[in-house]
Amino acid sequence: MVKKFYVLFFCCLLLQLSVFAQYTLKGTVKDALENTPIPYTQIRVNCLNDVFMADVNGVFTIGNINKDSCEVEFYQSMFEPIKRIVIFSSKKKELKVDILLFPIATRLDEAKVSASKYETNPEISTNSLVVLQPKQAENKNFISVDNLVNTAGGIVVVDNEPQIRGGSGYSCGMGSRVMIMLDDMPLLRPDAGRPMWNFIPMESIEQVEILKGAASVLFGSAAITGAINVLTAYPRSKPQTIITTFAKMYDSPKNPYQTSWQKANPVEFGLSFLHSRMIKKNFDFVIGGEIYNDQSYIGPQERISFSKKNNSSSKGKFEQRYRLNFSTRYRFEKVKGLSVNLNGNFMYSNNAQSYIWMDADTNIFRSCENSMYQYKEFTFYVDPTVKYLSTKGGAHSFRNRVLFSDSKELSGDVNAQAMMIFDEYQYNKTFNKIGMTIVAGISNQYSTSYGPVFSGEGDPHAVKGKKVPSAAFSNNFAMYAQLEQKFFKKRNLTVQLGGRWEFYNLWGTKIESEKKNKPIFRVGVNYQIPKTKTSFRSSFGQGYRFPTIGEKFISLTVGDYGFYPNPALKPETSWNAEVGIMQPFQFFDFRGLFDLCYFHQNYNNFIEFSMGVWGKSPRLQERFGYRFFNIGPAKVDGIDFSLMGEGKITKHINYNLTVSYTWSQPVTKDPTYVYFTQVSEGGTSYNTKFSFLKSSSDTTRRVLKYRIEHMVKLDIEFTFFKKFAIGGTLNYYSAMKNVDKFMFDFDINNPTLPDATINLIKSSGDLPFYNFYNFFQDNKKGSLTLDLRASYYFEKLSVTFLVKNVTNRLYALRPLYIEPPRTYTLQLIIKI
């Protein structure tokens with residue numbers, strides 16, 4: 001009996017040991033394309049309900065697993081997450097595996113973006129998202145980010161200004177309604193709110209994320225119609241050097257008499273480089289730079305003379321810039337998940353800018369007399385950041401940016417210095433077990449402006465002598481939070497709730513202190529059908545925008561013309577709603593994705609840029625100028641459609657296709673709203689009341705001024721044997737149906753003008769509105785342009801030849817500024 005008892009006892013003990021056997025999982029996380037380790041990958045072990053992290057070499061060891069099988073998830077920024085079910089053998093207590101993650105750029109339908117301030121999938125997002133990969137557009141010679149952004153559906157960049165779904169019009173580069181960010185931090189000029197496209201290091205970009213619709217809850221004031229976030233790349237384990245150079249020549253205009261040069265055709269050329277490497281596997285280093293020179297197609301201000309040779313020393317419009325940038329990141333080995341970054345970018349530029357053509361006929365490729373000014377600018381930013389990824393899935397980020405710009409105009413009258421200090425702390429955590437993600441943070445943006453440009457003086461022409469510099473300051477402090485909850489077993493229903501409270505303060509040496517605060521909220525829903533991956537989304541979000549220092553206080557003369565301040569300008573508010581559907585599909589060998597969305601935007605105190613007679617000078621030319629006004633309530637309705645995909649014709653012939661169409665109808669809700677009454681110096685009214693009906697050239701459909709209502713974009717490229725590629729881009733932009741009526745009222749060729757007005761124009765000298773009426777009528781159907789390209793790929797070298805505006809069409813996207821004629825470009829890219 002005793003022997004039987006011991007035998008039974010040992011059998012039970014062995015049975016218990018087998019039931020509670022503990023296994024160990026070991027392995028390395030690697031890049032599937034480069035076969036190199038990926039450091040600090042988050043590893044979710046569902047059978048333990050715990051999160052672990054790989055080390056700096058991508059190696060992980062997870063013990064105390066007491067089940068024979070276990071589901072394990074692997075997450076890493078810029079890589080596609082994967083799930084694996086590992087099965088242990090009772091004979092072997094340790095299992096070793098290699099995990100391969102694919103970079104998101106290689107996947108058509110699963111790009112990861114940070115449009116919710118944490119990574120999400122566009123297919124399950126509650127907003128309209130676009131993700132652009134610069135690597136897929138290397139052979140298009142995009143020299144700045146706005147060129148890349150302009151390829152996305154629903155967006156057009158007009159004279160450096162991004163317009164999303166008709167939510168904004170032309171504003172001469174001030175007061176952007178789209179927040180531009182670089183690595184999750186603002187990159188708008190602090191005083192004017194102008195995008196700094198040429199300052200973004202194009203050679204270092206990993207991807208560009210575009211969020212359409214009100215995004216103020218998470219991105220702040222300027223994101224009233226959307227946000228664009230540019231993310232720079234960090235090195236993989238293999239060092240890489242990329243050198244890009246190009247040369248472009250402007251062709252003569254279609255009408256030879258409009259040519260603004262008399263000798264060699266103007267050229268544009270540039271050289272950029274990037275070197276990235278990992279040092280000792282825990283220190284990342286990236287350095288890049290650019291040399292750029294554009295002689296431009298806009299000629300000197302002097303009028304063309306066929307009777308004598310033009311010996312003017314004026315260069316016309318031009319741009320020269322020199323830029324150097326770096327990125328560093330140190331990952332601590334003893335504290336897993338802790339990293340510190342220090343990034344910087346420095347640029348010097350020399351420019352001559354033109355805003356108004358001389359006339360809409362012979363001198364359309366020349367700048368209006370006395371309206372071109374030359375300035376030199378030094379700009380830099382420094383970004384110290386700290387990030388900690390805990391093993392429990394939480395992420396702490398402390399981002400900082402110091403941005404400085406010093407602009408010096410040759411005469412000294414438009415010198416300006418601007419500085420921004422941005423600080424943000426953000427925490428986000430995902431609770432995988434319950435499908436919840438929380439993101440919360442606080443931020444502060446302090447901006448300064450110094451110089452005579454933003455003095456706020458009423459009539460810039462009335463100031464005698466040199467202007468006295470003034471200082472202006474603004475501060476934005478904000479708190480924000482967003483909750484995302486996924487429902488059902490397959491987590492295919494996503495609900496988001498978010499809110500933000502921002503406090504704004506503006507003051508200065510000649511400015512009375514102004515304080516505002518505003519809470520706003522958003523909600524969004526996405527439902528995905530698991531079998532078909534069809535995604536339905538709906539969202540509602542509030543937006544707001546405080547006027548920039550430039551919009552309220554600019555006082556500037558550009559030759560005879562002025563920019564006039566409006567200190568009474570009020571903040572604008574909005575709400576945005578949309579419903580959409582996204583569907584991946586496969587048709588034979590074509591694999592694609594289409595997205596269809598209806599959107600509605602509603603605005604109060606809408607801010608618009610208006611050209612008119614705002615000055616009181618006895619000279620007619622000096623009364624002309626630009627000014628910002630609150631024009632009352634407005635709304636925008638529209639449809640946004642896009643399709644993208646890739647396919648095969650034969651084994652060795654592939655093609656990529658992108659198509660988009662956007663229709664928007666931005667209209668005023670109160671066309672009789674009087675937003676300005678002209679008053680003389682003595683206080684007597686001129687009885688000139690400005691409203692939409694009084695100031696618009698076309699009031700029939702109440703469409704707001706300077707809006708492009710229809711956009712069609714098509715791009716297709718064929719690749720042969722992975723060596724040779726040919727492609728083309730077709731863009732259509734409808735004409736702006738409504739502009740300032742003022743432009744027609746001072747065109748001597750306008751057949752509707754009375755004789756008295758014609759005599760006044762003749763006595764005033766040359767005006768830039770000459771022949772504007774005829775040009776506007778001739779271009780009522782909009783502009784259709786075609787670009788072609790051909791590329792050949794060697795092992796480490798690619799050569800591309802491009803022709804843009806193949807038909808050499810004469811067109812303008814906004815009044816008083818002509819777009820480039822046909823150009824020829826040769827581009828070389830070397831990868832070492």
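Tutor: Start with strand E1, residues 23-31, in this predicted model. Eight bridges join strand E1 to E7, and the two run parallel.

Student: What makes E1 and E7 a pair?

Tutor: The bridge count. Two strands pair if DSSP finds at least two bridges between them. Strands E1 and E7 have eight, so they count as paired. Within that pairing, Asp 31 stands opposite Leu 101 in E7.

Student: Which sheet does this pair belong to, and in what order do the strands come?

Tutor: An open sheet of three strands, ordered E4-E1-E7, with mixed pairing. Its edge strands are E4 (59-65) and E7 (94-101).

Student: Why are E4 and E7 called edge strands?

Tutor: Each pairs on one side only.

Student: What makes Cys 47 and Cys 70 a disulfide?

Tutor: The sulfur atoms are 2.0 Å apart. The cut-off is within 2.5 Å. The pair therefore qualifies as a disulfide.

Student: Why is the disulfide of Cys 47 and Cys 70 given a handedness?

Tutor: The torsion about its S-S bond is about -95°, so the disulfide is left-handed.

Student: What does the pair tie together?

Tutor: Cys 47 lies in the loop between strand E2 (42-45) and strand E3 (50-53). Cys 70 is in strand E5, residues 69-75. The pair therefore ties together parts that are 23 residues apart in sequence.

Student: Why is Cys 70 called buried?

Tutor: Its relative accessible area is 3%. Buried means under 20%, so Cys 70 is buried. Cys 368 counts as buried too, at 5% relative accessibility. Cys 597 is also buried, with a relative accessible area of 1%.

Student: Where does Ser 221 lie, and is Ser 221 buried or exposed?

Tutor: Ser 221 lies in the loop between helix H3 (216-219) and strand E14 (226-232). Its relative accessible area is 10%. That is under 20%, so Ser 221 is buried.

Student: What does the side chain of Ser 221 reach?

Tutor: The backbone nitrogen of Phe 546, at 2.9 Å.

Student: Which residues is Ser 221 in contact with, leaving aside its neighbours within four places in sequence?

Tutor: Ser 216, Glu 502, Tyr 544, Arg 545 and Phe 546.

Note on methods:
Residues numbered from 1 in each chain as written. Predicted model: local features only at pLDDT ≥ 70, side-chain atom pairs only at ≥ 80, totals over all residues. Heavy atoms only, no water. Helix = DSSP H or I, 4+ residues; strand = E, 2+ residues; numbered from the N terminus. Buried < 20%, exposed > 50% of the residue type's maximum accessible area, 1.4 Å probe, protein only. Polar contact = N/O pair within 3.5 Å; in protein donor to acceptor, adjacent residues only side chain to side chain. Contact = heavy atoms within 4.5 Å.
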